[in-house]
Amino acid sequence: MIAGSIDDEARMAIQSTPETIQVNGTTFEPADDNDRILSIQSHVAYGYVGGKAAVFPLQCIGYDVDVVNTVNFSNHTGYERFGGTRASAEELASIFKMMDDIGLLSPRRLLTGYIPNAAALEAVKELAQKLKSLNPHLIYLMDPVLGDAGKLYVSQDVIPIYKEMFSFATIITPNWFEVEALTGVPLLSLGALRTALSILHKHVQHVIISSIPLQPWLSKVLPETMQPPASTDNKQAYLLCISSSRTIGTSSHSTVHARLVPLIAGYFSGVGDLFSALTLGHFNPSPTASDSKPHSATQTPLSFAAAAALHKTHSILEFTNAFAARLPPEDRTTTDDERDAAEPVRKLKRMRGRELRLVQGQHMLREEWREGQGKDLQFWDGFWDSF
């Protein structure tokens, strides 16, 4: 058999045209051959967080991705025990320089995630500034990975550097805790949410707040069309995803869209990394009349991308959760800090069973996304009223 040949079954499974590719009956549209992404974030040998949760999904939707690892760990830190190294600022700068020297540093899109410390973040900031100066049309999605659920993952000294990087970013995707850390505004009311978005939009055109728990204050101000369905299950929690796009050169408020999704109980890592990558991959800032994925007057390029990312991420989470639920009882124990401390293997098995099922669920990632499938973010009419 000639190396690299394709058997008859594979030929039947994969059919392509210049516009689309079909894989096992699933149609998706590849990215532009020249639309490379440079991904700068963490790496783990086992599991799916950081680049491991971002690169494969981007490749599934047609992108070539160049990868620079900011850490090289055995596994994610949720396991409690892990080993590996963190890249120094000098090591990162050396990689960036060599790529540049030999003509390999010309991405059209830039994705940054977890950066371990302020010195390393400064090196990434310098690169982002350089790439933006060379290509003002660079699409840069910055995920300011600071922490979650009220807990910082990084040192406080990275926060002012992230603020300095806002002016280079096209899109930022903080969660609610990171919004509070970056703006100094606790999200406890609609007024606070408006203020936080106004602060972020002073420097960034496109803002996604990837997740806000549906607390009573938020439920009271959320439009009726966005409310969760009536249910007898009062214990079901929800998360709200918000996209907000401001028109450059105007004094008008941003256009806000949002959608609720049910919270899937349990500890899952890499979810934000997956969501940010898919947002970048589906973002088309200037669709044309010939574009095969037009946005209607009710959507923005950001809300379209966020809807695709939210749907696919949530689908992967549901798929992963269903797999974890089928594991033997000893591999799906509930979180119990005291017992986990006494029996570390309990947590190890639980973490292992909740690694994102990206390869097994790749058909969900490859799915062609079009508006009007019932999963769009909805326009938040009146969001800025009386502000």
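Student: Which strands does α9 lie across?

Tutor: This is a predicted model. In it, helix α9 (residues 271–282) lies across β4, β7, β8, β12 (206–213) and β13 (238–245). Its direction is at about 170° to β7.

Student: What's the strand order in the sheet?

Tutor: The order is β6-β5-β4-β7-β8-β11-β12-β13-β14-β15, an open sheet of 10 strands with mixed pairing. The edge strands, each pairing on one side only, are β6 (84–86) and β15 (378–379).

Student: How many bridges join β4 to β7?

Tutor: Four, and the two strands run parallel. Ile-40 stands opposite Thr-112 in β7.

Student: What is Ser-42 in contact with, leaving aside neighbours within four places in sequence?

Tutor: Val-49, Gly-50, Gly-51, Thr-70, Val-71 and Tyr-114.

Student: Switching to α4. Which residues there are buried?

Tutor: Ala-118, Ala-120, Leu-121, Ala-123, Val-124, Lys-125, Leu-127, Ala-128 and Leu-131. The cover over them includes β4 (37–44), α3 (89–101), β7 (109–112), β8 (139–142) and α5 (159–165).

Student: What caps the N-terminal end of α4?

Tutor: Asn-117, with a side-chain oxygen 3.3 Å from the backbone nitrogen of Ala-119.

Student: And what should the helix span?

Tutor: At 1.5 Å a residue, the 17 residues of α4 (residues 118–134) should span 24 Å. The end C-alpha atoms are 24 Å apart, so the two agree.

Student: What does α7 pack against?

Tutor: Its buried residues pack against β11 (171–172), α6 (176–183), β12, α8 (216–221) and β13. Among those buried residues are Leu-190, Arg-194, Leu-197 and His-201.

Student: Now the aromatics. How many pairs are there?

Tutor: The count is four aromatic pairs. One of them is Trp-176 with Phe-177, edge-to-face, at 6.0 Å centre to centre and 80° between the planes.

Student: Why is Trp-176 called partly exposed?

Tutor: Because its relative accessible area is 21%, and buried needs under 20%. Phe-177 is at 12%, so Phe-177 is buried. Another edge-to-face pair is Phe-383 with Trp-384, at 5.0 Å centre to centre and 85° between the planes.

Student: Are Phe-383 and Trp-384 buried or exposed?

Tutor: Both are buried. Ring pairs also link Trp-380, Phe-383 and Trp-384 into a cluster.

Definitions and conventions. Residues numbered from 1 in each chain as written. Predicted model: local features only at pLDDT ≥ 70, side-chain atom pairs only at ≥ 80, totals over all residues. Heavy atoms only, no water. Expected span 1.5 Å × (residues − 1). Buried < 20%, exposed > 50% of the residue type's maximum accessible area, 1.4 Å probe, protein only. Contact = heavy atoms within 4.5 Å. Polar contact = N/O pair within 3.5 Å; in protein donor to acceptor, adjacent residues only side chain to side chain. Pairing = 2+ DSSP bridges. Axes fitted to C-alpha atoms, helices over the stretch in contact; angles between N-to-C directions. Phe/Tyr/Trp six-rings, centres within 6.5 Å; stacked < 30°, edge-to-face > 60°.
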